[in-house]
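Subject: Structure handover

Hello,

Here is the structure for you to open. My notes follow below it.

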Amino acid sequence: MAMLLSRLRLGKPVFVRSSLLHSNALSNSLLQNPPYHVFTADPCGPRYPDLGKLIIFEANGYDSIHLEKKVPMELVDGKARVTIGSSHGWVATLKDDGIVRLQDDLNLVASDTDPKRIPLPPLVTLPHCQTKVVTNVAMSSSSPEDEDCVVALKFLGPQLSLCRPAQRNSEWTNIRIENPCFYSSPVMFSKKDGTFRILGSGGHLIGSWDLHKHKNKPKIQRLRFKNLPELTKTKRELLHSCCTSQHLVESTTTDETFLVRWYRKDTSSGVVKMKTRAVMVFKLYEEGKAVYTQDIGDLCIFLSKSEPFCVTASSLPGMCPNEVHTLDVDEHALVDLSDSSIISGICTFGSPYYFPPPKIDS
């Protein structure tokens with residue numbers, strides 16, 4: 001398979017991996033625990049028409065990896081439109097029966113012969129809200145089977161729904177968000193303060209909700225932007241013409257929180273696809289300062305349709321620090337924050353989710 005992204009850059013190490021790995025080599029690959037994303041799956045043929053063998057890209061490599069792991073084709077086929085988000089290696093699906101399920105099929109260390117499918121309680125739609133279009137999914141811990149794990153569904157519009165799947169007779173706690181600036185934004189879980197946080201459109205407000213004192217009255221933080229970069233007129237006009245999404249992401253290793261602005265613009269020729277034009281990162285402080293930075297140290301940030309996450313580059317062979325990796329349905333891009341350079345590849349991804357490093361039982 002052709003190379004998706006060239007990682008060859010002056011002064012940057014390149015991690016080369018064989019494009020064909022079988023199950024006996026998978027364990028050696030996983031020992032390095034790189035983040036990865038799914039490219040597609042090779043259909044298993046008429047005997048198993050609904051299954052395919054997984055093909056992935058690892059973040060510290062540049063070639064596709066063909067695995068023996070079998071997964072449902074509907075999870076990697078964008079036309080099926082059954083996936084609604086991902087968090088901690090679990091994919092959430094929503095089908096015609098209206099039940100959200102958490103599945104570990106795309107987790108590389110999960111069983112493909114006995115995958116886990118965890119149904120969540122039936123959705124309840126609040127008055128003047130909708131539960132058909134899901135913005136994203138977030139989880140408070142790495143597994144919905146943990147007793148205290150809370151799963152959050154953010155719907156387009158005012159509704160945010162929380163539940164604890166592992167508890168007996170689990171049901172949704174449905175929250176109606178009052179401020180419209182949060183209606184279209186994704187939700188993420190903050191381990192620092194134990195709440196689910198939503199960044200308001202425009203990026204100046206952060207709302208925090210939980211199942212306790214901030215259930216009906218969210219904690220609101222107002223941001224003050226500092227050290228903004230000086231932009232040329234051409235650069236300002238380009239950014240103003242882009243479609244901008246804003247994301248909150250935490251590093252559990254450094255205890256830092258970042259706000260990432262992702263600027264994308266449609267391509268000028270052929271089929272309309274969105275292409276990354278710029279990324280800006282702001283480091284957030286407790287008092288509400290948001291300071292622009294081109295240096296996040298030894299970290300890499302991963303943005304996709306999954307809940308965002310960070311990894312420490314030095315813990316993974318071949319990973320370059322101070323980079324932002326982005327993935328959407330029609331593009332995979334790599335941004336070097338030190339000089340704002342961008343390497344991107346236009347391609348269609350039916351499962352546009354970055355998965356954090358798989359955890360291996362020792």
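Start with Lys154, which is located in strand β9. Strands (E, at least two residues) and helices (H or I, at least four residues) are DSSP runs, numbered from the N terminus. Before going on, note that this is a predicted model: local features need pLDDT of at least 70, side-chain atom pairs count only at pLDDT 80 or more, and totals for chains, interfaces and linings use all residues. Residues are numbered from 1 along each chain as its sequence is written, and side-chain values use heavy atoms, with hydrogens and water left out.

**Lys154**

Is Lys154 buried or exposed? Lys154 counts as buried because its relative accessibility is 0%. Buried means under 20% relative accessible area, exposed over 50%, and partly exposed in between (1.4 Å probe, protein chains only).

Where does the side chain of Lys154 reach? It reaches the backbone oxygen of Tyr183 at 2.6 Å. The backbone oxygen of Phe182 lies 3.4 Å from a polar atom of the Lys154 side chain. For polar contacts, the cut-off is a pair of N or O atoms within 3.5 Å; within protein, one must be able to donate a hydrogen and the other to accept it, and residues adjacent in sequence count only if both atoms are side-chain atoms.

Leaving aside neighbours within four places in sequence, Lys154 also has contacts that include Val134, Gln159, Ile177, Val187 and Ile198. Contact means heavy atoms within 4.5 Å. Asn136 is 18 residues from Lys154 in sequence, and their C-alpha atoms are 5.6 Å apart.

**The sheet around β9**

Strand β9 belongs to an open sheet of four strands, in the order β8-β9-β10-β11, with antiparallel pairing. Two strands pair if DSSP finds at least two bridges between them. The edges are β8 (134-139) and β11 (173-176), each pairing on one side only. On average, neighbouring strands here are turned by 15° against each other, direction ignored. That angle comes from axes fitted as lines to C-alpha atoms (for helices, over the stretch in contact), and angles run from 0 to 180 degrees between N-to-C directions.

β9 (residues 151-155) and β10 (residues 159-163) are joined antiparallel over four bridges. Ala152 stands opposite Leu162 in β10.

**A second open sheet**

Another four-stranded open sheet runs β12-β13-β14-β15, again with antiparallel pairing. β12 (187-190) and β15 (219-222) are its edges; each has a single partner strand, so one side of each is left without a neighbour in the sheet. The twist averages 30° from one strand to the next. Four bridges link β12 and β13 (residues 195-199) in the antiparallel sense. In that pair, Val187 stands opposite Ile198.

How many residues of β5 (residues 90-94) are buried? Five of its five. Trp90, Ala92 and Leu94 lie on one side, Val91 and Thr93 on the other. In a regular strand, side chains alternate between the two faces of the sheet.

β5 pairs antiparallel with β4 (residues 83-87) over four bridges. Thr83 stands opposite Thr93 there. Their hairpin has two residues between the strands, and His88 takes a positive phi near 55°.

β5 also joins β6 (residues 100-103), antiparallel, through four bridges. Ala92 stands opposite Leu102. This hairpin has five residues between the strands, and Gly98 takes a positive phi near 80°.

Gln103 is in β6. It counts as buried because its relative accessibility is 3%. Its side chain makes a polar contact of 2.9 Å with that of Asp105.

**Core and totals**

The largest nonpolar core has 17 residues, and Ile84, Val100, Leu102, Leu120 and Val151 have the most contacts inside it. β5, β6, β8 and β9 are the elements that give two or more residues to this core. Such a core is a set of buried Ala, Val, Leu, Ile, Met, Phe, Trp, Tyr and Cys residues joined through side-chain atoms within 4.5 Å. Beyond four places in sequence, the contacts of Val151 include Leu102, Leu120, Val137 and Trp172.

Overall, the protein has two helices and 26 strands. Buried residues make up 52% of its 362 residues.

Best wishes
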